[in-house]
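Biologist: Could you take a close look at one part of this model for me, the salt bridges, and walk me through what you find there?

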Amino acid sequence: QVQLVESGGGLVQAGGSLRLSCVGSGRPLSSLVMGWFRQAPGKDREFVGGTYTPSSTKYADSVKGRFAISRDNAKNTVYLQMNSLKPEDTSVYYCASKLRSDTEFRSWGQGTQVIVSS
């Protein structure tokens with residue numbers, strides 16, 4: 001089990017950028033599949049993107065071309081770079097992890113709020 005803590009959320013104007021961080025402790029994130037999810041008020045949790053290796057990284061259609069996931073293994077951190085933000089991106093964003101052999105994401109962070117104003 002790994003502990004995950006997100007940070008970097010805040011208020012940003014439409015068209016702006018924000019970078020979220022997910023710092024892990026307890027085990028290296030480099031050995032795990034990492035995912036980003038978001039949940040807006042009154043909505044179900046939505047998959048944003050996930051990565052194991054750069055070539056395997058996938059994104060939801062709604063964020064493709066605007067968001068990018070990267071790793072800094074020396075800092076045991078995974079990032080979500082968000083560009084060209086839209087008001088509909090407003091959500092609480094969560095990072096999650098799983099073993100490559102597992103079906104479900106097992107560890108979750110506490111979430112960080114992103115608000116995009118128009």
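Modeller: Happy to! In this predicted model, Asp-89 and Arg-66 form a salt bridge whose closest N and O atoms are 2.7 Å apart. Asp-89 sits in the loop between S8 and S9, while Arg-66 belongs to the loop between strand S6 (58–59) and strand S7 (67–72), so the pair ties together parts that are 23 residues apart in sequence. Both Asp-89 and Arg-66 are buried. For Asp-89 the relative accessible area is 1%, which is under the 20% that marks a buried residue.

Asp-89 has another partner as well: a salt bridge joins Asp-89 to Arg-38, with 2.9 Å between the closest N and O atoms. This pair links distant parts of the chain, since Arg-38 lies in strand S4 (residues 33–39) and Asp-89 in the loop between strand S8 (77–82) and strand S9 (91–98), 51 residues apart. Arg-38 also counts as buried, at 5% relative accessibility.

Across the whole structure, the search finds 4 salt bridges. One of them lies between the side chains of Asp-61 and Lys-64, at 3.0 Å from N to O. Here the setting is exposed for both Asp-61 and Lys-64, whereas Asp-89 and Arg-66 are both buried.

Methods: Residues numbered from 1 in each chain as written. Predicted model: local features only at pLDDT ≥ 70, side-chain atom pairs only at ≥ 80, totals over all residues. Heavy atoms only, no water. Helix = DSSP H or I, 4+ residues; strand = E, 2+ residues; numbered from the N terminus. Buried < 20%, exposed > 50% of the residue type's maximum accessible area, 1.4 Å probe, protein only.
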